Amino acid sequence: MSKFHDSVALRQRYDTATAKLAAPLAIVDLDAFDANGAAMRERAVGLPIRVASKSLRCRQLLRRALAGPGYAGILSFSLAESLWLVENEVSRDVVVGYPDADALSIAALATDSSAAAAITLMVDDVAQLDLVDAVLPPVKRHRLRVCLDLDASYRVLGNHLGTRRSPVHTPLEAVRLARKIKARKGFDLVGIMSYEGQIAGLGQGSGPSASMLRLVQDRSFRELVERRGKAVAAVRQVAELEFVNGGGTGSLSRTASDPSITELTAGSGFYGPALFDEYDDFRPRPAAAFALSVVRRPGPGFATVHGGGWIASGKTGPSRQPRPWLPSGLRLTGMEAAGEVQTPVTGPAADSLRVGDRVWFRHAKAGELCERVNELHLVEGDRIADTVPTYRGEGKAFL
């Protein structure tokens with residue numbers, strides 16, 4: 001195994017690179033970041049990949065991702081963020097991945113011809129169009145680009161598998177909304193998005209329940225390909241679509257096989273967070289990590305680090321906890337888990353730790369790590385190649 005993949009060598013070079021820095025601190029390994037980008041591009045089998053900004057939350061790393069072949073455009077998580085990214089020339093093609101009710105940002109978009117040409121709003125209800133018109137009627141603003149959000153969840157026998165997103169589920173519902181958008185002054189329908197979170201956002205793991213999940217995901221995808229294909233074909237009779245977006249890091253190769261899709265979305269795969277350790281389709285290399293200092297040894301088999309309660313969003317449970325990574329052979333305790341100010345770790349490696357040593361953790365999710373730190377130290381080999389601000393470090397908290 002390469003020294004850049006071996007856990008002992010990894011810990012040594014990360015410790016060496018950051019020796020003069022104070023913990024807590026966060027790093028991104030550029031070698032792993034770039035390798036993950038290349039691996040995702042291979043899984044896209046020729047389709048362009050739109051970068052999910054929520055998974056990176058750092059302008060410099062968004063630019064690095066977009067500079068790679070096969071990547072084009074951004075899927076953002078708020079309109080205010082989108083305006084900021086366009087203003088700072090990160091991208092001229094930004095799709096807001098979710099409906100947004102920020103009246104101030106809507107007004108800013110509607111009165112800026114450059115931003116209106118670069119940003120696409122997400123809609124799944126005429127009420128969202130009404131909101132825009134209430135901020136500024138069509139006669140007082142620029143035409144606005146909109147994308148129709150098609151629900152990709154799997155519904156069978158009254159059960160719902162997938163994220164609770166758009167109410168637009170059937171091809172008939174999609175074409176009805178498309179016609180209403182087409183009939184409204186001041187809006188241009190340019191795209192369709194459908195995110196299959198039950199496939200892209202769920203790790204399979206192992207055991208009987210994992211086998212059942214794989215079976216359900218296979219059936220869900222077959223159903224979605226047929227339904228999405230019909231919806232896209234019907235909407236294309238109403239509007240000239242520029243793009244049909246789908247998928248996520250966890251389903252790139254599968255979503256790319258859907259003939260109705262013209263582009264994919266990915267982001268988390270660049271950082272390779274801990275949740276992806278349970279995925280079958282793609283397991284990226286860990287590229288983002290954070291270090292905490294050992295501050296006490298409460299007893300044999302235990303060490304305590306300062307801080308650590310950087311819990312991920314979603315259904316609470318062990319999977320949302322940060323994961324002790326380096327040195328290998330550590331785990332959180334069942335009683336305290338990741339704490340607000342202190343986090344005990346145990347396991348075979350605990351007795352090798354001394355006060356002042358570092359323990360490297362991986363966040364369960366990708367971009368949420370950046371909400372905890374002002375900067376990311378970019379590592380090449382055993383040195384810091386650059387230090388760049390996160391959104392938080394630039395004073396931006398969009399959600």
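In which sense do strands S12 and S17 pair, and over how many bridges? They run antiparallel, with 4 bridges between S12 and S17. Keep in mind that this is a predicted model. Here's a quick tour of a few spots to look at.

**Strand S12 and its partners**
- S12 covers residues 288–299, and it also pairs with S1 in the antiparallel sense, over 4 bridges.
- On the S17 side, serine 293 has arginine 358 as its bridge partner.
- S13 (residues 302–306) is another antiparallel partner of S12, this time over 3 bridges.
- In that pairing, glycine 299 faces phenylalanine 302 of S13.
- S12 and S13 form a hairpin with 2 residues between the strands, and glycine 301 there has a positive phi near 85 degrees.

**Helix H1**
- H1 spans residues 7–17, and its buried residues are Ala9, Leu10, Arg11, Arg13, Tyr14 and Ala17.
- Those buried residues pack against strands S1, S14, S17, S18 and S19.
- At the start of H1, aspartate 6 puts a side-chain oxygen within 3.1 Å of the backbone nitrogen of valine 8.

**Helices H5 and H7**
- H5 (residues 103–110) packs on H7 (residues 126–135) at an angle of about 75 degrees, and their axes are 9 Å apart.
- That angle makes H5 roughly perpendicular to H7.
- H5 brings Ala103, Ile106 and Ala107 to the contact, while H7 brings Leu131, Val132 and Val135.
- Sorted by class, the contact has 6 nonpolar residues, no polar ones and no charged ones.

Key. Residues numbered from 1 in each chain as written. Predicted model: local features only at pLDDT ≥ 70, side-chain atom pairs only at ≥ 80, totals over all residues. Heavy atoms only, no water. Buried < 20%, exposed > 50% of the residue type's maximum accessible area, 1.4 Å probe, protein only. Contact = heavy atoms within 4.5 Å. Polar contact = N/O pair within 3.5 Å; in protein donor to acceptor, adjacent residues only side chain to side chain. Axes fitted to C-alpha atoms, helices over the stretch in contact; angles between N-to-C directions. Parallel < 35°, antiparallel > 145°, perpendicular 65-115°, else oblique. Nonpolar A, V, L, I, M, F, W, Y, C, P; charged D, E, K, R; others polar. Pairing = 2+ DSSP bridges.
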